[in-house]
Each structure stands twice: as structure tokens, then as C-alpha cells.
Amino acid sequence: GIQAGPVVTLDDGARAMELTDLDGYRPAFWQAPVLTDEEIIQRFASAPAKLQEALAGLTEAQLDLVRAPGKWSIRQTVHHLTDSDASSLGRILMALAEPGRDFKSNPYSQDRWVEGLDSAHRPLETSVALFAAIRAHVTALVRHLPEALDRSVVTSATGTATVRQMLSMLSGHAIGHTAQILETRRVHGV
């Protein structure tokens, strides 16, 4: 009686499938894309350009569009992307500079940050520039340092986290949110 949905390939190359169980719950299965190290670095490095493309031509008013009730606006999504990269930067730098070190994670509430940092009303220019700068800085370090992707930190939440894993996660994060921006544009015909 369990109905399996089709296996779909997501925008970031991951594969997913949803089921509907007998009680109506919808568990989902997700498989990360299998990428080469160069593909991981390229995806990470190309995110700012893809974000710029997704934002091209939007007016200030259009930045406040949402794809559905209760979802973040385009503006809030962009600020969230930058906040996420900024909050991850210390962990990446620690892994690159002091591989194997314990890293004390202090997770943040993305919704509280969107609210507390007034992401609904701030201009985007500095966030877009910071997002690009973080990505360029980390990409340059990864290309410069020997075996950079294998360097890691140890966190209480995830155990060992390699730079490869962190860049992969951040890459998928940016791809997903850029897709949401494009979906918002499609919904509103802009």
C-alpha cells in the first residue's frame, strides 16, 4: 500500500524520491550527487555568477516577491545565502589552517537571522559582494593549499567534516536557493 514517487534528479545533481505511507506521511530519500573534486570546486566558485544571473534585471520591488505564501522573498533568500556562507567561513578556514582541530559549532536559527538582521528591507549590494568575496577567497585557498579538500575539523554535531564536504554542502545550498529565486521569477512572470 506504500506509493513510491519517481526518482528525480534535482537542480544540483542530487537524486530524490518521496514515498507516501499508509498514514499519509511523506518520507523522502535523498542521495548527494557524485562529483569530482574539480566539479565541487567549480560549483562552489560559480555560485556568485549564477546568483547574479538569477537577479539580473529585477527591480527593487521585484526583490520582495515570494514564490508562495510564507516563503522568503528573493531579497531574504539572497541575504540568507550570504549569512550561511559567512557563518561557515570560520569552520572552513579552521580546517584549512589547522586540520584535525576541534571546532565548536554554534548553529544559528536561519529564520531568526532573517528577522533579526532585517533581511526583508536591506539593500542587496553588500550581501551579493560579500557572497562573491567569500567564494573567491575560499576557492583561491583551496586551489593554493596542497590536499585542501581533505583537510578537516571535528565538530560535536557532525564529527569529522572535510573541506570537500563543506564546499559540497554550500554548493548545493546555493544551487537550491538560486533555483528558488528563478522559481519566484517564473511564478510572477518576471
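Strands β6 and β7 pair in the antiparallel sense over 4 bridges, where two strands count as paired if DSSP finds at least two bridges between them. Helices (H or I, at least four residues) and strands (E, at least two) are DSSP runs, numbered from the N terminus. This is a predicted model, in which local features need pLDDT of at least 70 and side-chain atom pairs count only at pLDDT 80 or more, while totals for chains, interfaces and linings use all residues. Residues are numbered from 1 along each chain as its sequence is written, and side-chain values use heavy atoms, with hydrogens and water left out.

The link from β6 to β7 is a hairpin, made through 3 residues. On the parallel side, β6 (residues 152-155) is joined to β5 by 2 bridges, and here phenylalanine 103 stands opposite threonine 155 of β6. Taken together, the strands form an open sheet of 3 in the order β5-β6-β7, with mixed pairing. Because β5 (102-103) and β7 (159-162) stand at the edges with a single partner strand each, one side of each is left without a neighbour in the sheet.

Two helices can then be placed against this sheet. Helix α2 (residues 74-97) packs on the sheet and touches β5 and β6, contact meaning heavy atoms within 4.5 Å. The direction of α2 makes about 120° with that of β6; axes are lines fitted to C-alpha atoms, for helices over the stretch in contact, and angles run from 0 to 180 degrees between N-to-C directions. Helix α5 (residues 163-188) also packs on the sheet, where α5 touches β6 and β7 and its direction makes about 70° with that of β7.

Turning to charged side chains, the structure holds 8 salt bridges, each defined as a side-chain nitrogen of Lys or Arg within 4 Å of a carboxyl oxygen of Asp or Glu. One of them brings together aspartate 85 and arginine 135, at 2.5 Å from N to O. This pair links distant parts of the chain, with aspartate 85 in helix α2 and arginine 135 in helix α4 (residues 125-144), 50 residues apart. Aspartate 85 counts as buried at 2% relative accessibility, and arginine 135 is buried too, with a relative accessible area of 1%. Here buried means under 20% relative accessible area, exposed over 50%, and partly exposed in between (1.4 Å probe, protein chains only).

Another salt bridge joins the side chains of aspartate 150 and arginine 164, at 2.8 Å from N to O. Aspartate 150 lies in the loop between α4 and β6 and arginine 164 in helix α5, so the pair ties together parts that are 14 residues apart in sequence. Both are partly exposed: aspartate 150 has a relative accessible area of 45%, and arginine 164 one of 22%. These residues also belong to a network of salt bridges that links Asp37, Asp150 and Arg164.

A further salt bridge is formed by glutamate 98 and arginine 101, whose side chains meet at 2.9 Å from N to O. Glutamate 98 is partly exposed at 37%, and arginine 101 likewise counts as partly exposed, at 37% relative accessibility.
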